[in-house]
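Hi everyone, thanks for coming. Let me put the sequence and the structure up on the screen, and then I'll walk you through them.

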Amino acid sequence: MTAEIRNCEFRFKCPKDWDALMKTHDPKVRHCNECNRRVVYCKKASELQKAIINNDCVAVEIKQPDDEVRLYVGEVMGY
C-alpha cells in the first residue's frame, strides 16, 4: 500500500473494517448497514475532496510514523 493522503483529521473513526462493509456495484464504494451511509475508498486527495463535498464516509490509507500504512474508515472533518 502507498499512502498519498496526509493531514486527514477524522470527526469520527468507525470501528468497522472496510472488508466488513457491504459491497456495491462500484468496487470503490461500500455500504455501512449500521449507519446506513456510503463509504468511499479514497486513494488520492482529489477523491477525498469529492467524498467530503458529497458528505460521504471514507476509507483512506494513512502512513504512520513507523512507515506502516493503515486503512482508516470514518467521517473526516475536511481536507
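Let's start with a question: among contacts in the protein between residues at least 6 apart in sequence, what percentage join residues at least 24 apart? The figure is 43%, where a contact means heavy atoms within 4.5 Å.

A word on the source. This is a predicted model, so local features need pLDDT of at least 70 and side-chain atom pairs count only at pLDDT 80 or more, while totals for chains, interfaces and linings use all residues. Residues are numbered from 1 along each chain as its sequence is written, and side-chain values use heavy atoms, with hydrogens and water left out.

Now the layout. The protein has 1 helix and 6 strands, and along the sequence they run β-β-β-β-α-β-β. Those are DSSP runs, numbered from the N terminus: H or I over at least four residues for helices, E over at least two for strands.

On to the inside. Of the 79 residues, 41% are buried; that is under 20% relative accessible area with a 1.4 Å probe, protein chains only, whereas exposed is over 50% and partly exposed lies in between. The largest nonpolar core has 12 residues, among them Phe10, Val40, Leu48, Val60 and Tyr72. By nonpolar core I mean buried Ala, Val, Leu, Ile, Met, Phe, Trp, Tyr and Cys residues joined through side-chain atoms within 4.5 Å. Two or more residues come from each of β4 (37-42), α1 (45-53), β5 (57-63) and β6 (69-78), and β5 contributes the most, with 3. There is also a second, separate core of 9 residues, including Trp18, Leu21 and Tyr41.

Please look at the helix next. Ala45, Leu48 and Ala51 are buried in α1. Viewed down the helix axis, the buried residues of α1 fall within an arc of 120°, taken from the directions from the axis to the C-beta atoms, so they line one face. On the face turned away from that buried side you'll find the exposed residues Lys50 and Ile53. After α1 comes Asn55, with a positive phi near 60°.

Last, the cysteines. How many disulfides are there? The count is 0, taking a disulfide as a pair of cysteine sulfur atoms within 2.5 Å. For Cys14, the closest cysteine sulfur is in Cys32, 5.2 Å away, which is too far for a bond. Cys42, for its part, counts as buried because its relative accessibility is 1%.

That's my tour, and I'm happy to chat.
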